[in-house]
Amino acid sequence: MTFHVLTLFPEMIEEVVNTSIIGRAVKAGHIAVETVNIRDFSDRGNGRVDDYPYGGGAGMVMQPGPIDRACRKAMETAAPGTRVIYTSPQGRVFDQAMARELAAEEDLIILCGHYEGVDERIIEKIVTDEVSIGDYVLTGGELPALVMIDAIARMAPGVLKNEESGVEESFSDGLLEYPQYTRPPEYEGRKVPDILLSGDHEKVKAWRRERSLERTLKKRPDLLKNR
Ligand code: ADE
């Protein structure tokens, strides 16, 4: 799977995707992340890609031309019909189900917005999905793009070492994950629940299921509503 990221700050994307588990997955060839610097497609001598908003108002707006050309550059290597995601607080809110759906794509183009926004005409022309990572406003689309890449990429085959860990975790079946423990068996007077040391796999499974339900009810009762 290849992510094509249209951005004014490619170094921000590259730094993160070359680190930790996603970095390992990129090195191993399980996923690829290609950045396209929108500034390289400016048609003004000074490399600028933003301008004042028609009608006045605060902030600058990204022009349609450079974004269009950057997208065409990404489309040179992306499969025909590749979805173009625009990161925006006005979009559909990203969740695990959307991550799972997008993980089935061969390529994804992600357009990172900046300033006060991008010219509406480029959204109409190229964007297939407008996606928000939550109801708050960030200074740019790079962090949302990275959040999405992380959540989607970890579901690509081979990215996680233990395939199990992708299944038995928070949200995979609409519940929060059960509590986890490792050594030592007692820490500052707090003991690991006996059942986890019992070696009885069936009991451990039942205990974990109960804890998942209990936690979800306590911390995120909204997740249980539709079950
Ligand atoms: N750009 C600015 N804020 C954002 C958000 N919450 N989600 C996605 N893109 C954004």
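**View 1. Strand contributions to the ligand shell.** With three residues, β5 gives the most to the shell around the ligand in this predicted model, strands being DSSP runs of E with at least two residues, numbered from the N terminus. Both β5 (83-93) and β7 (129-132) supply at least two shell residues each. Residues are numbered from 1 along each chain as its sequence is written, and side-chain values use heavy atoms, with hydrogens and water left out. Because the model is predicted, local features need pLDDT of at least 70 and side-chain atom pairs count only at pLDDT 80 or more, whereas totals for chains, interfaces and linings use all residues.

**View 2. Residues around the ligand.** The surrounding residues, each with a heavy atom within 4 Å of the ligand, include Thr-87, Ser-88, Pro-89, Val-131, Ser-132, Ile-133 and Pro-144. Seven members of the shell are nonpolar, five are polar and none is charged, with Gly counted as polar and Tyr and Pro as nonpolar.

View 3. A polar backbone atom of Gly-134 is 3.1 Å from a nitrogen atom of the ligand, one of Tyr-136 lies 2.8 Å from a ligand nitrogen atom, and one of Leu-138 is 3.0 Å from a ligand nitrogen atom. Of the 260 Å² of accessible area that the ligand has on its own, the protein covers 95%, as computed by the Shrake-Rupley method with a 1.4 Å probe.

**View 4. Domains of the protein chain.** An automatic or database assignment gives domain 1 (2-153) and domain 2 (170-224), whose centres, taken over C-alpha atoms, are separated by 37 Å.

Key:
A polar contact is a pair of N or O atoms within 3.5 Å; within protein, one must be able to donate a hydrogen and the other to accept it, and residues adjacent in sequence count only if both atoms are side-chain atoms. Helices (H or I, at least four residues) and strands (E, at least two) are DSSP runs, numbered from the N terminus.
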